[in-house]
Amino acid sequence: MAAMPPTTCGQNTPAQPGRLYWPRDPSRRQAPTARSCCQAERREQGRSRAAAKSPGTLKASSAVPYPGTALDLGPPRKGHETRPRVLTARLRSPPAPASPARPRILRPGGQSAPGSRPRSQGGPRGAQRLRPELELCAQQQPLEEETKMNAEPERKFGVVVVGVGRAGSVRIRDLRNPHPSSAFLNLIGFVSRRELGSVEGVPQISLEDALSSQEVEVAYICSENSSHEDYIRQFLNAGKHVLVEYPMTLSWAAARDLWDLAEQKGRVLHEEHVELLMEEFAFLKKEVVGKDLLKGSLLFTAGPLEEERFGFPAFSGISRLTWLVSLFGELSLVSATLEQRKEDQYMKMTVCLETENKRPLTWIEEKAPGLKRNRHLSFHFKSGSLENMPNVGVNKNIFLKDQNIFVQKLLGQFSEKELAAEKKRILHCLWLAEEIQKHCCSKE
């Protein structure tokens, strides 16, 4: 007699998803009683618990390996021809591919760097593990510096820091501490006009030795803004890579010439912009995306700066200009005024800018003794307004993040398109700063 296809239970018992009833003799087919159904359910629960303990074993009641797989139930046992056999098919998806091994950053000497976790050899008793799909997602999100940098550097770049003020001291600290990017750099010494001997165990060397030494391959320029151009030119001509604090120069033409020199020498010229690595800027970037600007303003207040050392306010405050350009694209200058009271060390620069869509932006720099360092912003969009900056957290290791970017450039991990876009933005901001200076000086 030909085998009957699997059918659902009779009318007395409602059909349940996933249960197949297989009557062997159609002539003696009868609906199962409530007692037989309860017994079948208890047997099935026992089989499910056993399958959960050993999921790798495939039995008639265990999990089907892939959807659509047929199971052969075999002939009925003697004396059980009229009893329906119950099968619960628990479908499983194909196993997920194994995730790649997590890279580990090693310090010189073989020690693990911070942020790289050793492979677990089993947790404590009672410790909970993530579900397999969540665990896989966690393994596929390594730290950025780990994925972009080799586990063991093939070489180290000798570094000298020029200037040991606030920025220079932070650079020395980051170079001496164990970080993924610091593993590619070897701090040799620092250069300063003052006779300091050593700083935190780092020796002082002369500028001539730094320029002529083959061991020195990288220069960090952390001196006053007015000296940046000369230092950059000397180190590029000596065949060194250069990282410089903003602004690169105090003129647009000089910056363009230095970039051409760096390309001729085949060296990296990197201008630091830690303001783009701040939590505040990340918050603003998310708020601005996809919104149509109507108008905006940015006011910055701080104590006075010496213009002879740090340049015209449009250059010393170029980080605020970089914010506006990075948020709203290239800008054009409408007007600029400068109010000064030198006897009171008071200065106020007001700049009116315009976006490509002819939306007005106002940038104000106000500096005087007693003024606290602060930003006040106001952006109005068609969909709403953003007034002032909320507390978005503490800016941590922004100079170290900038160093990571620089090391990635040294390793050739930035595309030509990315480098060209960064160069275009920096030169545009320097050109705007120079135009602002011309407008203000012409009215005086």
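Start by selecting helix α6 (residues 228-237) and helix α7 (residues 252-265), whose axes come within 10 Å and cross at roughly 15°. Axes here are lines fitted to C-alpha atoms, for helices over the stretch in contact, and angles run from 0 to 180 degrees between N-to-C directions. The crossing angle makes α6 roughly parallel to α7 (angles under 35 degrees count as roughly parallel, over 145 as roughly antiparallel, 65 to 115 as roughly perpendicular and the rest as oblique).

This is a predicted model, in which local features need pLDDT of at least 70 and side-chain atom pairs count only at pLDDT 80 or more, while totals for chains, interfaces and linings use all residues. Residues are numbered from 1 along each chain as its sequence is written, and side-chain values use heavy atoms, with hydrogens and water left out.

Keep the two helices on screen. α6 passes α7 in a left-handed crossing (left-handed if the near helix is turned anticlockwise from the far one by less than a right angle, right-handed if clockwise). On the α6 side, show Glu229, Ile232, Arg233, Leu236 and Asn237; on the α7 side, show Ala254, Leu258, Leu261, Ala262 and Lys265. These residues make the contact, meaning heavy atoms within 4.5 Å. By class, this contact has six nonpolar, one polar and three charged residues (Ala, Val, Leu, Ile, Met, Phe, Trp, Tyr, Cys and Pro count as nonpolar, Asp, Glu, Lys and Arg as charged, and the others, Gly among them, as polar).

Now zoom out. The protein has 13 helices and 15 strands; helices (H or I, at least four residues) and strands (E, at least two) are DSSP runs, numbered from the N terminus. Of the 444 residues, 37% are buried (under 20% relative accessible area; exposed is over 50%, partly exposed in between, with a 1.4 Å probe and protein chains only).

Next, select helix α8 (residues 279-288) and helix α11 (residues 318-328). Their axes come within 10 Å and cross at roughly 30°, which makes α8 roughly parallel to α11. This crossing is right-handed. The contact joins Glu280, Phe281, Leu284, Lys285 and Val288 of α8 to Trp323, Ser326, Leu327 and Phe328 of α11. By class, it has six nonpolar, one polar and two charged residues.

Stay on α11. How many of its eleven residues are buried? Eleven are, and α11 is mostly covered. The buried residues include Arg320 and Trp323. After α11 comes Gly329, whose phi is positive, near 85°.

Then look for the largest nonpolar core, which has 62 residues (a nonpolar core is a set of buried Ala, Val, Leu, Ile, Met, Phe, Trp, Tyr and Cys residues joined through side-chain atoms within 4.5 Å). Among the residues with the most contacts inside this core are Ile232, Phe328 and Ile436. Helix α13 (residues 416-443) gives the most to the core, with eight residues. Pick Ile436: not counting residues up to four places away in sequence, Ile436 touches Phe312, Ala314, Leu333, Ala336, Met349, Val351 and Trp363. A second, separate core of 20 residues includes Ile172, Ala183, Phe184 and Val407.

Finish at Glu366 in strand β13 (residues 360-367). Is Glu366 buried or exposed? Glu366 is buried, with a relative accessible area of 18%. Leaving aside neighbours within four places in sequence, Glu366 is in contact with residues including Leu299, Phe300, Tyr346 and Leu371.
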